[in-house]
Number of protein chains: 2
Amino acid sequence: MFVTNRDNTEALKTPSGKSVWWLLSKEIGTPNFEMRYFEVEKGVEGKEEKHPFEHEIFVIKGKGIIKSGRQEVRIQEGDAVYIAPDELHQFFSFGEEALGFICVIPKGCEDHLKKLS
Amino acid sequence: MFVTNRDNTEALKTPSGKSVWWLLSKEIGTPNFEMRYFEVEKGVEGKEEKHPFEHEIFVIKGKGIIKSGRQEVRIQEGDAVYIAPDELHQFFSFGEEALGFICVIPKGCEDHLKKLS
């Protein structure tokens with residue numbers, strides 16, 4: 001068993017300005033998927049992304065929008081979001097506090113976000 | 001993209017008395033892993049479990065203990081927990097509010113919890 005807390009984990013900045021905390025990664029032995037916590041500050045718009053693997057997301061706090069092509073979906077605490085492989089997606093945060101969410105991916109797919117940008 | 005909210009999702013009871021909300025499951029197309037939300041009421045002790053797949057957990061609210069053999073770890077909001085395949089584990093909730101956590105598993109491993117017990 002491995003236990004950590006978000007507050008004991010280093011936050012890194014992604015190229016698009018999100019903060020990411022790697023909570024459960026292949027480096028501690030996870031065999032299939034990795035769990036991260038993200039925050040997007042008010043007014044920050046992530047870049048539009050598309051990649052061949054999925055995201056499974058759970059929103060912890062804040063308010064935001066996920067855009068996918070012409071589609072826009074508002075998200076808030078308690079929402080779970082599935083973004084399929086090869087689906088366009090872009091995050092926007094508009095609440096007073098940062099938009100915070102858990103995001104799980106297949107292991108090894110975003111190793112480039114494990115280093116300081 | 002698929003979006004749901006925990007509050008719009010039916011809660012089921014597990015055989016050991018936890019409540020489970022299936023948020024993102026293979027039934028909506030997830031290719032690799034499934035996301036659920038669990039609550040364990042104060043004083044409820046889940047049964048000791050062991051199975052050949054992992055859990056990746058993020059604690060949303062409440063206070064609890066995870067026991068694994070002789071090991072006991074206190075958990076609270078913001079904690080992330082990795083339980084490895086074949087590792088014993090048992091949840092206990094002792095806070096005033098229910099212990100609530102996200103739990104991600106490889107797809108298809110706990111289909112027996114998708115029906116009313």
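A nonpolar core is a set of buried Ala, Val, Leu, Ile, Met, Phe, Trp, Tyr and Cys residues joined through C-beta atoms within 7 Å. Buried means that 20 or more other C-beta atoms lie within 10 Å of the residue's own; exposed means 12 or fewer, partly exposed is in between, and C-beta atoms are placed from the backbone. In this predicted model, the largest such core has 52 residues. A:Phe58, A:Ile102, B:Phe58 and B:Ile102 have the most contacts inside that core.

Residues are numbered from 1 along each chain as its sequence is written, chains are lettered from A and ligands numbered from 1 in the order in which they are written. As the model is predicted, local features need pLDDT of at least 70 and side-chain atom pairs count only at pLDDT 80 or more, while totals for chains, interfaces and linings use all residues.

**The contact between the chains**

- Chain A and chain B each give 36 residues to the contact. Two residues count as in contact if their C-beta atoms, placed from the backbone, lie within 7 Å.
- Several strands of chain B give two or more residues to the side that touches chain A, among them S1 (2-5), S4 (33-40), S8 (79-83) and S10 (99-106). Strands (E, at least two residues) and helices (H or I, at least four) are DSSP runs, numbered from the N terminus.
- The largest share of that side, five residues, comes from S8(B).
- By class, the side of chain B that touches chain A has 22 nonpolar, eight polar and six charged residues. Here Ala, Val, Leu, Ile, Met, Phe, Trp, Tyr, Cys and Pro count as nonpolar, Asp, Glu, Lys and Arg as charged, and the others, Gly among them, as polar.
- The copies meet through the same surface, because 100% of the interface residues of chain B are also interface residues in chain A.

**Strand pairing between chains**

- S1 of chain A (residues 2-5) runs antiparallel to S8(B), and four bridges join them. Strands pair if DSSP finds at least two bridges between them.
- A:Phe2 has B:Tyr82 as its bridge partner in S8(B).

**The three-stranded sheets**

- Chain A has an open antiparallel sheet in the order S7-S6-S9. Strands S7 (71-76) and S9 (90-93) are its edges, each pairing on one side only.
- Six bridges join S6 (residues 63-68) of chain A to S7(A). A:Ile65 stands opposite A:Arg74 in S7(A).
- Chain B has an open sheet of three strands in the order S7-S6-S9, with antiparallel pairing. S7 and S9 of chain B each have a single partner strand, so one side of each is left without a neighbour in the sheet.
- S6(B) and S9(B) are joined by four bridges. B:Gly64 has B:Ser93 as its bridge partner in S9(B).

**The loop at B:Gly95**

- B:Gly95 lies in the loop between S9 (90-93) and S10 of chain B.
- B:Gly95 is partly exposed, because 15 other C-beta atoms lie within 10 Å.
- Its C-alpha atom is 8.5 Å from that of B:Glu41, 54 residues apart along the chain.
- Beyond four places in sequence, B:Gly95 is in contact with B:Lys42, B:Gly62, B:Lys63 and B:Gly64.
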